[in-house]
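Here is a short briefing on one protein chain. Keep the coordinates open while reading.

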Amino acid sequence: MSNIKFPKHVLFFVFLLIFLLNQSSDAYGGIAIYWGQNGNEGNLSSTCATGRYAYVNVAFLVKFGNGQTPELNLAGHCNPAANTCTHFGSQVKDCQSRGIKVMLSLGGGIGNYSIGSREDAKVVANYLWNNFLGGKSSSRPLGDAVLDGIDFNIELGSPQYYDDLARFLSKYGVRGRKVYLTGAPQCPFPDRLMGSALDTELFDYVWVQFYNNAPCQYTSGNTKSLFDSWNTWTTSVTAQKIFLGLPAASQAAGSGYIPPDILISQILPTLKESKKYGGIMLWSKFWDDQNGYSSSILASV
């Protein structure tokens with residue numbers, strides 16, 4: 001077989017093209033969505049079939065820690081106590097077959113959760129491993145589906161021992177299949193409840209809530225507060241990717257909504273300058289359905 005030699009200028013353009021493709025791919029992000037808190041938002045399979053989301057956070061495990069029996073709340077979708085949520089297991093697998101990562105989200109704004117000690121953190125991690133991840137239990141709320149990881153959405157209670165929980169969960173991933181750790185801190189830095197957990201440097205994706213937090217969110221005509229906070233997060237937190245967390249509709253949060261055209265023209269170009277840029281997180285699937293937010297921004301994320 002003869003060796004084919006290309007002119008130098010052709011090779012130059014080939015290498016240039018490869019370089020530009022690599023550069024541009026860094027600027028592309030995905031959309032993370034919270035699902036589970038409104039029975040009128042469609043099921044998991046239909047959520048993933050839209051093709052708009054790269055990550056789905058199943059929300060929320062509202063009770064855990066301090067000896068409590070853990071409790072999953074999926075609003076109007078099903079009743080975990082009556083074991084009617086197990087059919088979502090096949091839908092989790094459906095999402096994963098599309099390349100979408102599915103997390104179980106801990107916490108939320110309504111619930112009763114906290115961790116009382118390092119040993120308690122180990123108990124909670126063990127429960128999560130056996131009931132939602134790669135372990136085994138006779139009472140898996142979502143059936144035999146193995147979720148991709150655990151999302152920390154800690155908005156109540158004490159900040160203590162979430163760093164231990166992160167470490168224990170991460171160790172389970174060493175056994176084989178990786179356990180992704182994600183988190184949704186508030187944008188004031190450092191987050192009051194999740195700061196110590198994030199300091200473990202074990203988190204893969206951090207979708208910061210840039211809403212309901214006046215000092216660090218967008219307000220009409222003012223991008224500086226958001227950009228200053230974004231810069232702090234992307235330079236201070238060790239994670240693979242940082243996401244801009246937003247309400248998917250003005251009614252979805254008390255404040256911080258960014259109209260899609262403003263996000264595309266005034267916000268995203270600056271965010272993409274950071275190598276940590278991962279995309280956008282939206283609260284929530286129900287509100288996204290009402291407003292069509294992800295459809296409006298998908299091509300620009």
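The points below cover pockets, a lysine, disulfides and backbone geometry.

This is a predicted model. Its largest pocket has a volume of about 290 Å³. The disulfide count comes to 3. Two cis peptide bonds are described below, one from A59 to F60 and one from F189 to P190.

**Largest pocket**

- The lining of the largest pocket is made up of 16 residues.
- Nearest the centre of this pocket lie F60, G108, G109, E155 and W283.
- By class, the lining holds 7 nonpolar, 8 polar and 1 charged residues.
- A probe the size of a water molecule, rolled over the atoms, shows where empty space is left.

**Second largest pocket**

- The second largest pocket holds about 220 Å³ of space.
- Its lining includes T69, P70, E71, L72, N79, P80 and A81.
- N83, Y127, N131, S139 and P141 also belong to the lining of the second largest pocket.
- Two elements give two or more residues to this lining: strand β3 (71-72) and helix α4 (118-132).
- The lining of the second largest pocket splits into 6 nonpolar, 5 polar and 1 charged residues.

**K285**

- K285 sits in helix α9, which covers residues 285-291.
- Is K285 buried or exposed? K285 counts as buried because its relative accessibility is 4%, and the cut-off for buried is under 20%.
- The K285 side chain reaches the backbone oxygen of E41 at 2.7 Å.
- Leaving out residues up to four places away in sequence, K285 touches I33, Y34, W35, E41, T47 and Y53.

**Disulfides**

- How are the bonded cysteines paired in sequence order? The pairing is 1-4, 2-3, 5-6.
- C48 and C95 are joined, with their sulfur atoms 2.0 Å apart.
- The torsion about the S-S bond of C48 and C95 is about 95°, so this disulfide is right-handed.
- C48 belongs to helix α2 (residues 44-49) and C95 to helix α3 (residues 88-97), so the pair ties together parts that are 47 residues apart in sequence.
- C48 and C95 are both buried.
- C78 pairs with C85, at an S to S distance of 2.0 Å.
- The link of C78 and C85 is right-handed because the torsion about its S-S bond is about 100°.
- C78 is buried, as is C85.
- C187 pairs with C216, S to S 2.0 Å.
- The C187 and C216 link is right-handed, with 80° about the S-S bond.
- This pair links distant parts of the chain, 29 residues apart.
- C187 is in the loop between β7 (180-183) and α6 (195-198). C216 is in the loop between β8 (205-209) and α7 (224-236).
- C187 and C216 are both buried.

- Most residues other than glycine have a negative phi, and most peptide bonds are trans.
- F60 is placed in strand β2 (residues 55-64).
- The bond from F189 to P190 is also cis, with omega near -5°.
- P190 is placed in the loop between β7 and α6. C187 is in that loop too.

- N66 has a phi near 55°, a positive value in a residue other than glycine.
- N66 is in the loop between β2 and β3.
- How accessible is N66? N66 counts as partly exposed because its relative accessibility is 45%.
- E201 is not a glycine, yet its phi is positive, about 60°.
- E201 is in the loop between α6 and β8.
- E201 counts as exposed because its relative accessible area is 51%, and the cut-off for exposed is over 50%.

Definitions and conventions: Residues are numbered from 1 along each chain as its sequence is written. This is a predicted model: local features need pLDDT of at least 70, side-chain atom pairs count only at pLDDT 80 or more; totals for chains, interfaces and linings use all residues. Side-chain values use heavy atoms; hydrogens and water are left out. On a 1 Å grid over the protein atoms alone, a cavity is a set of points where a 1.4 Å probe fits but cannot get out, and a pocket is an open set with protein on both sides within 12 Å along at least five of seven lines; lining residues have an atom within 4 Å of a point. Grid points are joined across faces, edges and corners, and a volume is the space filled by probe spheres set on the points. Ala, Val, Leu, Ile, Met, Phe, Trp, Tyr, Cys and Pro count as nonpolar, Asp, Glu, Lys and Arg as charged, and the others, Gly among them, as polar. Helices (H or I, at least four residues) and strands (E, at least two) are DSSP runs, numbered from the N terminus. Buried means under 20% relative accessible area, exposed over 50%, partly exposed in between (1.4 Å probe, protein chains only). A polar contact is a pair of N or O atoms within 3.5 Å; within protein, one must be able to donate a hydrogen and the other to accept it, and residues adjacent in sequence count only if both atoms are side-chain atoms. Contact means heavy atoms within 4.5 Å. A disulfide is a pair of cysteine sulfur atoms within 2.5 Å.
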